[in-house]
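Please read the following note beside the sequence and the structure, taking one point at a time.

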Amino acid sequence: MDRAEYIAPCHFGLEAVLKKEIIDLGYEIVSVEDGRITFAGDSQALCRANIFLRTAERVLLKVGSFHAETFEDLFQGTKALPWGEYIPKDGKFWVTKAASVKSKLFSPSDIQSIMKKAMVESMKMTYREDWFPESGDSYPVRVFLMKDEVTVGLDTTGESLHKRGYRKLTAKAPIAENLAAALIKLTPWRGERILVDPFCGSGTIPIEAAMMAANIAPGMNRNFTAENWKHIVDRKCWYRAVDEARSLIDKDIKTNIQGYDIDDEMVSIARANAKMAGVEHLIHFQKRDVAQLSHPKKYGFIITNPPYGERLEDKGNLAKLYGTLGERYKQLDSWSMYVITAYEQAQQAIGRKADKNRKIYNGMMKTYFYQFMGAKPGGSRK
């Protein structure tokens with residue numbers, strides 16, 4: 001493909017972070033909408049986006065878009081799309097997800113069923129066949145309806161991009177890897193600076209930070225659905241993207257990244273995950289209560305995802321927990337602290353109003369990313 005459009009969904013509230021990532025990869029932004037970015041590129045872009053994007057959920061190859069207010073509109077619009085250019089005669093195809101916002105058509109199951117029938121009718125016309133075995137490679141389809149505008153894409157990724165492949169073991173309420181990466185990108189932290197996560201759980205935030213510091217591409221050790229779409233993207237494109245990713249790794253980077261947790265088992269899990277990610281030498285994990293949080297150096301960063309009720313038997317403990325975090329933070333000279341939480345009284349408990357507060361949707365859960373700015377080396381605020 002000389003030029004195609006791709007759609008990269010992301011967490012609501014993090015569109016600007018993903019947009020910058022795509023621009024940094026060298027691709028043209030077509031549109032920015034709530035929860036997704038559309039960009040243009042060649043077939044190499046499909047591979048590079050899947051391997052290099054840290055904050056996206058997946059990469060869709062846009063098949064087309066049209067207006068639909070009735071199921072007949074949906075059927076005819078879907079049927080008119082050039083499915084034969086993408087799906088071979090033996091391809092397995094289905095609508096894996098339908099999302100509808102402010103549209104007259106809103107039943108996901110009905111949307112999925114009607115679109116599947118329309119795709120079959122389109123394939124019948126292309127291949128002059130009445131029946132398709134669907135015994136070949138997979139071509140999952142995702143569709144978004146926004147104000148009756150239908151956007152259809154083929155899912156090139158498969159399992160969500162947050163599945164890097166290193167997290168075999170998790171905490172009870174782990175933060176998604178792509179969300180952790182986005183939170184880090186929202187801070188001024190860089191690989192040579194101090195970073196501490198005092199509620200590290202299975203280690204996701206420190207691991208994502210270490211991968212960034214060492215320039216390890218998040219998708220270089222996993223597989224993607226589109227790897228088998230040889231008529232759409234040449235296998236050499238994948239090899240080139242992986243070779244590029246390998247050539248950029250900096251194995252000699254020096255870091256000061258630390259992860260603490262009160263649970264011994266979590267510390268062991270975090271270490272195992274870091275080893276799987278190839279960054280265990282870049283992170284110091286330790287069993288430590290937040291009440292013991294301290295550091296002799298200035299200008300460090302706390303980036304953390306503390307408990308906010310889902311992981312505690314007694315929500316009444318939250319005020320004390322966040323209060324302790326606030327007290328320890330006060331003792332850290334010139335540090336900045338970044339806290340993602342759904343706990344509404346976090347600022348009061350910490351004892352300080354955040355300098356910035358960003359609303360982010362973690363799935364359907366509304367969370368807040370509280371940003372407490374310390375001083376830059378040299379004196380001014382971060």
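1. Does Arg36 count as buried or exposed? Arg36 counts as buried, because its relative accessibility is 7% and buried means under 20% relative accessible area, while exposed means over 50% and partly exposed lies in between, with a 1.4 Å probe and protein chains only. Arg36 is placed in strand E3, residues 36–41, and, apart from neighbours within four places in sequence, Arg36 is in contact with Ile7, Ala8, Pro9, Cys10, Glu15, Ser31, Phe144 and Thr151, where contact means heavy atoms within 4.5 Å.

2. This is a predicted model, in which local features need pLDDT of at least 70 and side-chain atom pairs count only at pLDDT 80 or more, whereas totals for chains, interfaces and linings use all residues. Residues are numbered from 1 along each chain as its sequence is written, and side-chain values use heavy atoms, with hydrogens and water left out.

3. Seven strands make up an open sheet with mixed pairing, in the order E2-E3-E1-E4-E7-E6-E5; strands are DSSP runs of E with at least two residues, helices are runs of H or I with at least four, and both are numbered from the N terminus. Two strands pair if DSSP finds at least two bridges between them. The edge strands, each pairing on one side only, are E2 (28–33) and E5 (92–101), and neighbouring strands of this sheet are turned by 30 degrees against each other on average, direction ignored.

4. Within this sheet, E4 (residues 60–67) and E7 (residues 149–155) pair in the antiparallel sense over seven bridges, and Leu60 stands opposite Asp155 in E7. Helix H3 (residues 71–79) packs on the sheet and touches E4 and E7, its direction making about 135 degrees with that of E4; axes are lines fitted to C-alpha atoms, for helices over the stretch in contact, and angles run from 0 to 180 degrees between N-to-C directions.

5. How do helices H5 and H6 pack? H5 (residues 177–185) and H6 (residues 204–213) pack at an angle of about 65 degrees, with their axes 9 Å apart. The contact is made by Glu177, Ala180, Ala181, Ile184 and Lys185 of H5, and by Thr204, Ile205, Glu208, Ala209 and Met212 of H6. These residues divide into six nonpolar, one polar and three charged, where Ala, Val, Leu, Ile, Met, Phe, Trp, Tyr, Cys and Pro count as nonpolar, Asp, Glu, Lys and Arg as charged, and the others, Gly among them, as polar.

6. Strands E13 (residues 356–362) and E14 (residues 365–372) pair in the antiparallel sense over seven bridges, and the bridge partner of Ile360 in E14 is Thr367. E13 and E14 form a hairpin with two residues between them, and Gly363 in the turn has a positive phi of about 70 degrees.

7. Two aspartates may be read side by side. Asp261, which lies in strand E9 (residues 256–261), counts as buried at 11% relative accessibility, and its side chain reaches the backbone nitrogen of Asp263 at 2.9 Å. Asp137, in the loop between helix H4 (108–127) and strand E6 (138–146), is partly exposed, with a relative accessible area of 34%. Leaving aside neighbours within four places in sequence, Asp137 is in contact with Gly91, Lys92 and Asn228, and its C-alpha atom is separated by 29 Å from that of Glu149, 12 residues apart along the chain.

Note on methods
Polar contact = N/O pair within 3.5 Å; in protein donor to acceptor, adjacent residues only side chain to side chain.
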